[in-house]
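Okay, thanks everyone, I'll keep this short. Have a look at what's on the screen and then we'll walk through the ligand sites together.

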Amino acid sequence: MRLLLAFVRANPWRSLIMASALLLAGIVEGIGLAAMLPLLSFAIDSQAAAPAAKHSGFNYFVTNALAQLGIEPTIGVLLVIVVIGILLKNGLLLFIRKWIGYTIAEFTTRLRLELLQALLNTRWEYFLHQRIGNLANAMATETLRAADAYVNGVTMISVVIQSIVYATVALLVSWHATLVCVMVGLAIGYLSHGLIQMARQAGKRQTRLLQSLLARLTDTLQSVKPLKAMARENLADAVLAAETAQLNRALRKEVFSREILKAVQEPLTSIVIAIGVYVSLVYWNLPLAKVIVLVLLLSKMLNSMGRIQNLYHKVAVCESAYWSLQKTIRQAEREREVVSGNRIPTLEQSIRLDRISFAYGEQQVFRGLSLTVPGGLLTTLIGPSGVGKTTIIDLITGLLRPQGGEVFIDNAALAQIDLKAWRRLIGYVPQETMLFHDTVLNNVTLGDPELGEADATYALRAAGAWDFVTRLEQGMYTDVGERGSKLSGGQRQRIMIARALAHRPRLLILDEATSALDPETARSICDTLCSLRGQLTVLAISHQTTLVDSADRVYRLQDGEATAVDKQVLADAI
Ligand SMILES: Nc1ncnc2c1ncn2[C@@H]1O[C@H](COP(=O)(O)OP(=O)(O)OP(=O)(O)O)[C@@H](O)[C@H]1O
Ligand SMILES: [Mg+2]
């Protein structure tokens, strides 16, 4: 119920229109069914050649109501009413199904967009703790299963309305027979509670296992090369196979509970109807026409009640995916990155880190670190692995916030600066090359509509990638393969540099960005960057002599502190 309320809250208008249309379809069907009793009376009377009890009960009520409307209740008229009822009901159902389809498409799209927006706007530190596979699973399988829960929930409501219509018409024909049937239907529903619980548990297990499976699968596929090269793919295979087997068990439980539910429904309905027919004819002496209509109505009602159970079963299986998805979205929304500053940044003078303290949880990385990156010049950071070089970059880009001290951009504290505007001034080449499975051009422009081929050409030239790109089969339009696997390590790095340069940033950050390049190529890129001195501030992390030699300033990071070093002394040391 909570799930359906959530859906109704999310789509109030559509839900209202759907509920009204469903009600109308129910009324139309009810009218059609009501016309059935006098019709059968006619048929049976003419066969038995004996007048039926036309002047009593529901039959009398219907014929009388028709007479009031000036309609002669002949066989032809009644048949027309029954057929019109069926036609109208189906017409309305067609309309409703179309609405349900559209609503679901909209609902799934909205969930996906909501998830995407929430995730992309989270704090970097939150993102760091997420498993990408889980997020991919939320986007792919959980949205679909959530939509499934929705379809089945809405269909369930429509069948509930249908059952109420059947029960109402049946009540008018014979209230005691109907009451008994409703009680029996509810009792069957109550007894199958255990099966529904089993389905709910199986659904929850599926949600959990699918998350875990996709997370592991993504991890494995991302590092499949070393696994294969060391013949260790079987290790990943074993874990994945074990989880797939568990998933299979959960699926079997779902199938088991569903099929048992279905298997008991028909025999139980038949037994109830058979007993009902016997009691009606032998003990209550009801007329045959009435009994036939009752059988028709009550079997329809019991079938609908069975369908309600089946649909509820499906909702129970898929429901957990919806809640899991909602949890992911709400959690991501709570972890939204706070962008409070509104000063538009410039980068004329410097980037200054002033007495920065920073810790990842318990692990202290900096305690009072200060350094200055002068504007328009090349500054290089060196230091042993794990000392905090990449962390400095994350502090400058505002992806991480210091616990003490502040980062100043031209004397404006980063907290006061519009972070989005600041980041748009940055070209960033991370330590790990991350190319998309797309063309060179799209990898450079990132699909930004404001950047064209000319910008990509400029950037590829500046990054020393132009020569090899023009030699590729389709030049800039060549697909680079999965994470750039069709290119060499050094070529990938140069595409990454081009990407960072294409939008003509004011600050270029290179985190070991030339580590895979030969000294000559690295020098040529460095020369190009140096020729941009004045317009471009470059902050490089590198141990290569090229970026240290050409630097205007070099900092060595050691024990959480930055010390400006003499290049000559350094050159001797490297
Ligand atoms: N997200 C994180 N959570 C916890 N600890 C982290 C995180 N990222 C980095 N660290 C730790 O912080 C320290 C500094 O990491 P950082 O990546 O800044 O080092 P680095 O100087 O760039 O090293 P390398 O030269 O190897 O790239 C390391 O000890 C690392 O283990
Ligand atoms: Mg690093």
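Let's start with this: how many Å separate a polar side-chain atom of serine 385 from an oxygen atom of ligand 1? In this predicted model, the answer is 2.6 Å. Glycine 388 gets in on it too, but through the backbone: one of its N or O atoms sits 2.9 Å from a ligand 1 oxygen. Then there's tyrosine 360, which puts a polar side-chain atom 3.5 Å from a nitrogen of ligand 1. As for cover, on its own ligand 1 has 630 Å² of accessible area, and the protein covers 67% of that.

So who's in the shell? We've got 13 residues around ligand 1, and the closest are Ser385, Lys389, Thr390, Thr391 and Gln431. By type, that shell is five nonpolar, seven polar and one charged. Helix H13 is the top contributor, with three residues, while strand E2, residues 363–374, also supplies at least two.

Ligand 2 is a magnesium ion, and its coordinating atoms are OG1 of Thr390 and OE1 of Gln431, at 2.0 to 2.3 Å. I like this bit: the two are 41 residues apart, with threonine 390 in H13 (residues 389–396) and glutamine 431 in the loop between strand E6 (426–429) and helix H15 (440–445).

Note on methods. Residues numbered from 1 in each chain as written. Chains lettered and ligands numbered in written order. Predicted model: local features only at pLDDT ≥ 70, side-chain atom pairs only at ≥ 80, totals over all residues. Heavy atoms only, no water. Donors = N, O, S within 2.8 Å, 3.2 Å for Na, K, Ca; no water. Helix = DSSP H or I, 4+ residues; strand = E, 2+ residues; numbered from the N terminus. Near = heavy atom within 4 Å. Polar contact = N/O pair within 3.5 Å; in protein donor to acceptor, adjacent residues only side chain to side chain. Areas by Shrake-Rupley, 256 points an atom, 1.4 Å probe, with all protein chains shown as cover. Nonpolar A, V, L, I, M, F, W, Y, C, P; charged D, E, K, R; others polar.
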